Amino acid sequence: MSDFTMTIDGQSVAGDSGLGVVNPSTGSVFTEAPNCSPAQLDSAMAAAEAAFGTWRLDEDTRREALVACANALAEHAPELGEVLCREQGKPLPKAIGEIMGASFWFRHTATLEIPVEVLQDNDDGRVEVRRRPFGVVGAITPWNFPIMLATWKIAPALLTGNTMVLKPSPYTPLSTLKLGETLREVLPPGVFNVVSGGDELGAWITTHPTVRKISFTGSIATGKRVAAAAAPDLKRVTLELGGNDAAIVLDDVQPEAIAEKLFWGAFENSGQICSAIKRVYAPRDRYRQLVDQLAEIARSVSMGDGFAAGVQLGPINNRPQFERVCELVEDAKRQGATMAAGGNAREGDGFFFAPTIVADIADGTRLVDEEQFGPVLPIIAYDRVEDAIASANGTHFGLSGSVWSHDLERATEIGSQLECGTAWINQHLAFLPNAPFGGAKWSGIGVENGHWGLTSFTELQTINATKLA
Ligand code: NAD
């Protein structure tokens with residue numbers, strides 16, 4: 001039996017069957033995760049529902065529990081980081097950093113107020129608007145940042161008095177199962193349950209009658225299925241979906257001043273970030289220089305097994321995603337694009353694709369129009385900045401974007417024209433625990449983080465009280 005168990009009602013629960021987990025650096029299965037049965041999911045839901053009755057009552061206890069979660073994560077960061085590195089592929093220091101980041105997020109969320117607004121308080125009566133928890137939240141996460149993205153759900157959901165059943169991606173279930181094991185020590189039974197299984201388990205969660213809210217992070221295609229599945233029960237949904245972020249470089253910037261930051265805005269986590277830069281629009285007269293600078297950086301970074309010292313980029317996480325990146329690059333080549341750096345999968349085991357800078361490419365090519373979610377960046381030349389803005393906005397995506405210029409006022413004005421949830425200026429991937437993050441258009445519904453994310457795990461209740469004569 002594998003070392004990894006589910007957490008149901010505070011207990012360690014093995015699966016009736018197992019699900020192979022692949023190390024993306026070797027391409028081989030190295031262990032199994034439990035495959036949750038429908039009956040086991042029912043017991044997780046029943047446990048969460050039973051725990052809700054008490055958990056919702058005492059805000060101070062919940063606040064203290066979140067701090068205890070933060071401490072537990074910090075204490076167990078090295079071993080959790082190792083599990084994450086092995087199943088996800090990211091470099092070990094980054095994996096440990098993700099756990100520490102999650103610990104910080106728990107600690108920050110514990111400081112947030114659950115607002116009560118008083119509309120009237122006089123001899124005629126008192127009218128308050130309060131925030132009530134929903135009950136059981138079903139949470140579903142992807143494979144790129146399993147612990148951080150789960151934390152964006154767990155911390156606010158639990159603080160506001162909900163309980164949770166969380167399902168990680170079948171590609172990266174292990175770190176989340178370990179998270180469940182770690183938090184078993186500090187949370188009452190049933191408050192936080194972790195189950196693992198294939199995509200069908202996600203579908204069972206979205207249709208389960210006990211669930212009152214679904215918090216989902218993943219692809220647009222699955223997000224639409226989740227929304228449809230939630231509709232018959234009018235379950236509330238927050239959907240954090242895919243992006244195709246554009247970075248627009250303005251004509252006053254020297255490429256060498258921004259190349260390094262642009263590169264990491266695109267290639268962090270080997271490009272597997274919803275809001276990574278996925279296309280760059282550069283003024284034609286600075287185009288070659290920028291392409292050359294980015295290509296030089298791409299050739300200089302070290303890619304390899306996340307456990308090897310000094311590695312900056314790991315593999316693509318899984319075979320379907322790896323094949324998709326290969327396919328998009330081959331298509332770009334057929335359309336006449338130039339590979340300024342990389343352009344091929346690496347020989348040998350694992351899902352490694354060389355950091356790739358693609359030039360001489362335009363809108364209308366799949367690599368530009370679709371979300372590549374891998375270590376490949378197309379650079380597109382523009383003549384008029386209006387055209388670059390129109391290209392950035394000319395898709396169904398709307399997660400984030402960035403504008404790069406010494407002229408902050410002009411860049412901010414252009415940023416405000418981008419149809420997306422976050423517009424960064426001279427940076428990208430700058431997440432804040434106190435700012436809302438979410439997508440416009442097909443990139444999502446609702447937001448996470450800050451008091452906006454917190455209150456999305458609540459519904460409003462007006463209490464309108466008056467005295468009897
Ligand atoms: P995915 O949609 O394939 O899977 C996400 C999760 O949904 C997994 O746990 C999966 O098992 C589950 N799932 C699959 N089918 C389901 C169904 N029918 N019902 C319910 N759950 C189901 O996405 P992925 O490949 O794991 O993740 C990559 C995608 O996630 C990219 O598009 C990326 O941009 C996006 N993403 C978005 C954000 C954000 O905050 N906006 C963050 C990270 C990743």
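Colleague: How many residues line the largest cavity, and which lie nearest its centre?
Modeller: The lining of the largest cavity has 16 residues, and nearest the centre are Arg279, Ala392, Ser400, Glu419 and Cys420. A cavity here is a set of points on a 1 Å grid over the protein atoms alone where a 1.4 Å probe fits but cannot get out, and a lining residue has an atom within 4 Å of a point.

Colleague: And where do the numbers and atoms come from?
Modeller: This is a predicted model, where local features need pLDDT of at least 70 and side-chain atom pairs count only at pLDDT 80 or more, while totals for chains, interfaces and linings use all residues. Residues are numbered from 1 along each chain as its sequence is written, and side-chain values use heavy atoms, with hydrogens and water left out.

Colleague: OK, which elements supply at least two residues each to the lining of that largest cavity?
Modeller: Those are β12 (245-249), α13 (385-393) and β17 (400-404). Helices (H or I, at least four residues) and strands (E, at least two) are DSSP runs, numbered from the N terminus.

Colleague: How does the lining of the largest cavity divide by class?
Modeller: Six residues are nonpolar, six are polar and four are charged. Asp, Glu, Lys and Arg count as charged, Ala, Val, Leu, Ile, Met, Phe, Trp, Tyr, Cys and Pro as nonpolar, and the others, Gly among them, as polar.

Colleague: How much space lies in the largest cavity?
Modeller: About 100 Å³, where a volume is the space filled by probe spheres set on the grid points, joined across faces, edges and corners.

Colleague: Which residues line the second largest cavity?
Modeller: Trp105, Thr109, Leu112, Trp152, Pro156, Pro433, Asn449, Gly450 and Leu454. Two or more of the lining residues come from each of α4 (92-109), α5 (146-159) and α15 (450-455). By class, that lining has six nonpolar and three polar residues, with no charged ones.

Colleague: Switching to the ligand, where does the ligand sit?
Modeller: The ligand sits in the largest pocket. A pocket is an open set of grid points with protein on both sides within 12 Å along at least five of seven lines, and a molecule sits in one if more than half of its atoms lie within 2 Å of its grid points.

Colleague: Which elements give two or more residues to the shell around the ligand?
Modeller: α7 (199-207), β10 (211-217) and α8 (220-230) do, and α7 has the largest share with four residues.

Colleague: How many residues surround the ligand altogether, and which are closest?
Modeller: 29 residues surround the ligand, the closest being Thr141, Asp199, Ser219, Leu241 and Glu371; a residue is near a molecule if one of its heavy atoms lies within 4 Å of it. That shell has 14 nonpolar, eleven polar and four charged residues.

Colleague: How far is the side chain of Glu371 from the ligand?
Modeller: An N or O atom in the side chain of Glu371 is 2.6 Å from an oxygen atom of the ligand. For Asp199, a polar side-chain atom lies 2.7 Å from a ligand oxygen, and for Trp143 the distance is 2.9 Å.

Colleague: Back to that pocket: how much space lies in the largest pocket?
Modeller: About 1,100 Å³. The largest pocket has 36 lining residues, with Trp143, Phe216, Gly218, Ser219 and Thr222 nearest its centre. α8 provides the largest share of this lining, six residues.

Colleague: What about the second largest pocket, how much space lies there?
Modeller: About 590 Å³. It is lined by 31 residues, and Phe145, Glu268, Ile273, Leu429 and Phe431 are the closest to its centre. The most come from α4, with four residues.

Methods
A polar contact is a pair of N or O atoms within 3.5 Å; within protein, one must be able to donate a hydrogen and the other to accept it, and residues adjacent in sequence count only if both atoms are side-chain atoms.
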